[in-house]
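Please read them alongside the coordinates.

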Amino acid sequence: QAVELDIPLAGGGGIDTGFSVPDLALGLDSPIQGRLRIELADIEPVLLLVAPVEGPSGPVTADLRFAGTLREPKLRGTASLVQGRITHFASGLLLRDLNLSGAVNEFDQTELNGTFRAGEGRGSLRAVVNFDDLLRPELLLELRGEQLALINVPDLQVLANPDLRLTLRPGELEVQGRVVVPKARLSPRY
């Protein structure tokens, strides 16, 4: 059985997928093969699902292939975000020149690496998502930077030099590292 699906998205881009299961008689052990190509003109629809941010922008592409069986599908491919921008108005945080690229490998793991700017500071990040248990994924996030403008509102400005490693497992968040604040200014207007 083969299925082809092409979904254009409002605002530009779309999702193009196709897959086949040549022998359904094998049930969950039936082999599968296929592809999934995602092109989004803007990252906004993705971030609305996962984070409270405003004004995100930047094109997203992903090109994935899948194989394996219905019981144990295996994905591999690439994903990227180029010249992205994410804003959190309440804190004044503005991440710009956000460039991420990475790979999905057959071992149920996705790794993304990238760089960004926050104010005049520069940062880097690495994210690894393990899908060994699809219903209980684990996330590792490493964040480093120098002179990052993390809070920039009229009453408060904070520059930070983070060197953090966050591990998120179902029901658990582990944080290691340090954040040095070389400059902060509190200017109450009362």
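1. Rings of Phe, Tyr and Trp (its six-membered ring) are taken to pair if their centres lie within 6.5 Å; planes under 30 degrees apart count as stacked, over 60 as edge-to-face and the rest as tilted. By this rule the count comes to one aromatic pair. The ring centres of Phe 19 and Phe 66 are 6.3 Å apart and the planes stand at 45°, so the pair is tilted. Phe 19 belongs to strand β2 (residues 13-20) and Phe 66 to strand β5 (residues 60-68), so the pair ties together parts that are 47 residues apart in sequence. Strands (E, at least two residues) are DSSP runs, numbered from the N terminus.

2. On provenance: this is a predicted model, in which local features need pLDDT of at least 70 and side-chain atom pairs count only at pLDDT 80 or more, while totals for chains, interfaces and linings use all residues. Residues are numbered from 1 along each chain as its sequence is written, and side-chain values use heavy atoms, with hydrogens and water left out.

3. Phe 66 counts as buried at 16% relative accessibility, whereas Phe 19, at 35%, counts as partly exposed.

4. Glu 142, in strand β10 (residues 138-146), is buried at 11% relative accessibility. Its side chain is joined to that of Arg 165 by a polar contact of 2.8 Å; such a contact is a pair of N or O atoms within 3.5 Å, where, within protein, one must be able to donate a hydrogen and the other to accept it, and residues adjacent in sequence count only if both atoms are side-chain atoms. Not counting residues up to four places away in sequence, Glu 142 touches Ser 124, Leu 125, Arg 126, Leu 164 and Arg 165, contact meaning heavy atoms within 4.5 Å.

5. Gln 157 lies in strand β12 (residues 156-169) and, at 18% relative accessibility, counts as buried. The side chain of Gln 157 reaches the backbone oxygen of Pro 154 at 3.4 Å. Once neighbours within four places in sequence are set aside, Gln 157 is in contact with Ile 151, Asn 152, Lys 183, Ala 184 and Arg 185.

6. Strand β12 also holds Leu 168, which is partly exposed, with a relative accessible area of 41%.

Note on methods:
Helices (H or I, at least four residues) and strands (E, at least two) are DSSP runs, numbered from the N terminus. Buried means under 20% relative accessible area, exposed over 50%, partly exposed in between (1.4 Å probe, protein chains only).
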